[in-house]
Amino acid sequence: MKFNPRRLGNDPASIALDWRIDNMSSPAPLLEVKNLSTHFLTDDGVMHAVEDVSFTLDRGQSLGLVGESGCGKTTTMLALMRLLPPNGRIVKGQVLLEGRDLLRLPDSEMQRVRWSKISLIFQGAMNALNPVRTVGDQIAESIRRHGLVGGRLDNHALDQRVRQLLDMVGIASSRQDQYPHQYSGGMRQRAMIAMALACTPDVVIADEPTTALDVMIQAQILDLLQKLQRELGLAVILITHDLAVVAEMCDRVLVMYGGKVAEYADVDAIYNEPLHPYTRLLLAAFPDLTQPEGKLVAIPGYPPRLHALPAGCRFEPRCPVRIGKCVTADPPLREVKPGHWVACHLVTEQLPIHPTTSLP
Amino acid sequence: MNPTPVLEITRLRKHFPISRGLLASFRRRSAHSVHAVDDISFQVQPGEILALVGESGCGKTTTAKLLMGLEQPSGGTIHFCGQDVATFDLKQMRRQIQMVFQDPYESLNPRMTVFEIVAEPLNVHHLARSREDRIDRVKRALKDAGLKPAESYFNRLPHELSGGQRQRVVIAAALVLEPTVLLADEPVSMLDVSIRAEILNLLTELRQTRGISVLFITHDLGTVAYFADRIAVMYLGRIVEIGPARDVLSNPQHPYTKALLSVVPVPNPRLRRERIILQGETPNPIDLPGGCRFHPRCPVAIEQCRQIDPPYVELSNSHRAACLLIESVL
């Protein structure tokens, strides 16, 4: 359990209390998602966008959520924040934040959780800011809206806080009164991060935070996220399709395929002892600068359509090592080693999976 | 030893003048201009894949536009197979140099079928001798772009295709004229990881089967490592380092190349490295810094860098870099 200075008051008794809580033998994780399932009702029928996704997140930890487009990464996070579009339904599961099920909270209560407990850095920094309002004003709004119960904060204090936030993300406070179009892409992403941090959340969800950015700006933003995570004890969920970014940033990795968890393990295990054939293929398809001699492997076929899912394993139609059972039975997610979860018949039945190099 | 290069770019420059409002336009032409491409030279050999790498605003796309004849150079020359392209007419040139765009979701007309899209360049250039010939050429282009069986794609519309298939259609439309050079501007950056590999492998295949040269424009050194023969690194309109891919990646000499390489994330948590993160962004190409244009962001800049614009230092007969701190090994 990590030490979190923000939870400590000046009162020695409260310090003692905090330490006792933090030292309990099996502390509850900060965020625990259990069997979360989400469906969309569409003209084509029910889309099983997310099915039985479970993970835990401790304070200060970072989780990488990876997979191809349409595998349910973003939907999982929107469901967790209860921000699904009107045709989306959470059909099953629990989202426990410090033991409290967010899915059972009344709307007004949930409103308070958003931003002050869990906040979101949106995909596409270029378009997420309002073009006709100054950046400082937009950050102030998020404080006014979510931060203070009762909304008692004079303008001076608000201004101070906005400056402090901009400073934290490396933007000169003199640029507070500028409009988004006067910012470069990297600065807009920094402003988005400042906005997400406005109400001192415990969990920040970053949805493809660097996808549209140049490599050097990407490095700056990732560096900033790591710094803030260290300094503020933030827990971060990083949604991305970039396996290399996850390798550099995350402690745990959740690989999703067709709305389900394919593999969930420590970052080292995912990259050095991947077990699921999909994880292996994904890694083989990803360019690695340190191994320019290797050949890139393309994954044949396409991700499943979510309203016409295969009866057995969702990856079966594309899997190079499938067996008969994969066609009929959906493999359950099993913990095969401590902390290493895999949903694959071959792994749970201890059949040999050929190393990546022998995959076609 | 070398055959005539397919493309030979010599001291190419492109400056865009900027007007400073109405009043300034009454005076003489504004003295200010954006130095988008500033004195670059390189060659592309037949069947070679050259990667042009740099951050946004470094001039890589302007270079591509100059090669396509979409912009007129302010100075310097472009030779195609030994002939100055200034003497070509546009159509002649574009038949030989074709472009593959970044975003296959935007670059295909949603109301045209795959056949119409791929056949369009043939109509523009009046190349098909007959109906059969046209069908034949389209079929061959689709097949070479990896869309098999080609006939089954003829009547499909772009929205029926996946991202990877769309990019293959874009490539087929470029191949149908049987060009000598493909200009690929970030052809995989909009695609999913699983599809990227297949497009990159396709480009490599085309080089082998058709002997096409590829000029690959990207900001991502990671992708380039796999298949470029040579790499040219651009910064603020200049090529700061150029050489064989293996040399540039394993033995980068220019501090900018070193920094760019260090920030490419590596998909292995055991190799988390020290990143050289350059602060700020590429400066405005209007007010170019004096001396070496990289010195304000350079982590190892010395006093002379402020004054002297560094000349190229030859590191081997094919590898050169422009930095005062490099000593020639030749």
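## The residue after α4(B)

His126(B), which follows α4(B), has a positive phi, near 45 degrees. Helices are DSSP runs of H or I with at least four residues and strands are runs of E with at least two, numbered from the N terminus.

This is a predicted model, in which local features need pLDDT of at least 70, side-chain atom pairs count only at pLDDT 80 or more, and totals for chains, interfaces and linings use all residues. Residues are numbered from 1 along each chain as its sequence is written, and chains are lettered from A and ligands numbered from 1 in the order in which they are written.

## Packing of α4(B)

Val114(B), Ile117(B), Val118(B), Ala119(B) and Pro121(B) are the buried residues of α4(B). Buried means that 20 or more other C-beta atoms, placed from the backbone, lie within 10 Å of the residue's own. These buried residues pack against α5 and α6 (163-175) of chain B.

The axes of α4 (residues 114-124) and α5 (residues 131-144) of chain B come within 10 Å and cross at roughly 115 degrees; axes are lines fitted to C-alpha atoms over the stretch in contact, with angles from 0 to 180 degrees between N-to-C directions. α4(B) is therefore roughly perpendicular to α5(B), a term for angles of 65 to 115 degrees. The crossing is right-handed, that is, the near helix is turned clockwise from the far one by less than a right angle. From α4(B), Phe115(B), Val118(B), Ala119(B) and Leu122(B) meet Arg134(B), Arg137(B), Val138(B), Ala141(B) and Leu142(B) of α5(B). Seven residues of this contact are nonpolar, none is polar and two are charged. Ala, Val, Leu, Ile, Met, Phe, Trp, Tyr, Cys and Pro count as nonpolar, Asp, Glu, Lys and Arg as charged, and the others, Gly among them, as polar.

## Interface of chains A and B

Between the chains, 35 residues of chain A are in contact with 33 of chain B, contact being C-beta atoms, placed from the backbone, within 7 Å. On the chain A side, α8 (215-232), α9 (243-249), α10 (267-272) and α11 (277-284) each supply at least two residues. α8(A) gives the most, with six residues. By class, this side has 22 nonpolar, seven polar and six charged residues.

## Domains of chain A

Chain A is divided into domain 1 (5-250) and domain 2 (256-358), with bounds from an automatic or database domain assignment. Contacts join 23 residues of domain 1 of chain A to 16 of domain 2. On the domain 1 side, β2 (45-57) and α9 of chain A each supply at least two residues, and β2(A) gives the most, with 10. That side divides into 12 nonpolar, six polar and five charged residues.

Technical notes:
Contact = placed C-beta atoms within 7 Å. Parallel < 35°, antiparallel > 145°, perpendicular 65-115°, else oblique. Buried ≥ 20, exposed ≤ 12 C-beta atoms within 10 Å, placed from the backbone.
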